[in-house]
Amino acid sequence: MIDVIILAIWLMIPAGLANPSAALLGGGAPIDFGKRFSDNRRILGDGKTYRGLVLGSLSGTFIGTLQIFLAPYIAPYLAGFVDPQLLVGYSPIALITMPFGALAGDIAKSFFKRRLGFERGAMFPVADQLDFVAGAWILTMIADPKWLLANFTLWVALTVIIIIPVFHVAFNIAGYKLGKKDVPW
Ligand code: CTP
Ligand code: MG
């Protein structure tokens with residue numbers, strides 16, 4: 001049980017930190033360049049920027065790379081809980097597609113939010129929390145299905161879906177308190 005939770009958190013760190021990184025480092029030109037869709041609403045909105053996408057992805061990949069280097073030092077402390085071998089097995093492709101997919105999922109969600117008439121920053125429960133999981137998994141499933149299926153076994157995947165909302169809420173409240181987000185979700 002505890003091993004599955006540790007693994008779920010470990011595997012989702014690069015994707016999970018992509019969005020908070022985008023919130024901290026983002027800004028500048030919006031991805032939709034301010035353009036409107038046929039419904040006369042913004043395509044994505046000012047909350048999706050190129051800088052956020054690029055720096056958020058790079059941050060996730062950097063953190064994942066750091067995890068690989070730190071794994072041999074961390075693993076002994078977790079030896080009783082999780083097979084150390086599991087912590088070091090990040091694929092180079094997944095290191096890129098997990099964070100990038102996470103932000104792609106976030107962008108796709110914003111597209112649908114705007115179509116449904118939600119303003120930038122408006123709360124969209126469930127989608128706001130699991131968009132990045134869906135994006136990370138779908139892109140990685142396309143790019144490196146072997147790695148994804150070997151690591152996200154049924155129980156790990158279910159654990160991710162259950163624990164993500166808890167972390168998501170915590171990070172968004174932190175982002176709000178830091179003044180990086182207009183609303184605490
Ligand atoms: N951000 C960014 N570029 C991205 C994603 C996020 O610059 N690709 C930054 C923006 O400053 C954004 C903040 O991170 O406002 C928080 O991200 P998020 O909650 O995903 O965006 P919202 O502003 O809530 O917009 P939306 O309603 O479209 O989700
Ligand atoms: Mg938001």
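This is a predicted model: local features need pLDDT of at least 70, side-chain atom pairs count only at pLDDT 80 or more; totals for chains, interfaces and linings use all residues.
Biologist: Which element gives the largest share of the lining of the largest pocket, and how do you know that a residue belongs to that lining?
Modeller: A residue counts as lining when it has an atom within 4 Å of a point of the pocket, and on that basis α1 supplies the largest share, twelve residues.

Biologist: How much space does the largest pocket hold, and which residues are closest to its centre?
Modeller: About 1,200 Å³ of space lies in it, and of the 49 residues that line the largest pocket, N19, P20, A23, N172 and K181 are the closest to its centre. By class, the lining has 25 nonpolar, twelve polar and twelve charged residues.

Biologist: Where does ligand 1 sit, and what makes you say that it sits there?
Modeller: The word "sits" requires that more than half of the atoms of a molecule lie within 2 Å of the grid points of a pocket, and ligand 1 is assigned by that test to the largest pocket. The elements that give two or more residues to the shell around ligand 1 are α1 (2–25), α2 (50–78) and α4 (92–115), and the largest share of that shell, five residues, comes from α4.

Biologist: Why is the pair formed by K48 and ligand 1 called a polar contact?
Modeller: A polar contact needs a pair of N or O atoms within 3.5 Å; a polar side-chain atom of K48 lies 2.7 Å from an oxygen atom of ligand 1, so the pair meets the cut-off. The T49 pair meets that cut-off too, because a polar side-chain atom of T49 lies 2.6 Å from an oxygen atom of ligand 1.

Biologist: How much of ligand 1 does the protein bury?
Modeller: Taken alone, ligand 1 exposes 570 Å², and the protein buries 91% of that.

Definitions and conventions:
Residues are numbered from 1 along each chain as its sequence is written. Chains are lettered from A and ligands numbered from 1 in the order in which they are written. Side-chain values use heavy atoms; hydrogens and water are left out. A polar contact is a pair of N or O atoms within 3.5 Å; within protein, one must be able to donate a hydrogen and the other to accept it, and residues adjacent in sequence count only if both atoms are side-chain atoms. Accessible areas come from the Shrake-Rupley method with a 1.4 Å probe; for residues, only the protein chains shown count as cover. On a 1 Å grid over the protein atoms alone, a cavity is a set of points where a 1.4 Å probe fits but cannot get out, and a pocket is an open set with protein on both sides within 12 Å along at least five of seven lines; lining residues have an atom within 4 Å of a point. Helices (H or I, at least four residues) and strands (E, at least two) are DSSP runs, numbered from the N terminus. Grid points are joined across faces, edges and corners, and a volume is the space filled by probe spheres set on the points. Ala, Val, Leu, Ile, Met, Phe, Trp, Tyr, Cys and Pro count as nonpolar, Asp, Glu, Lys and Arg as charged, and the others, Gly among them, as polar.
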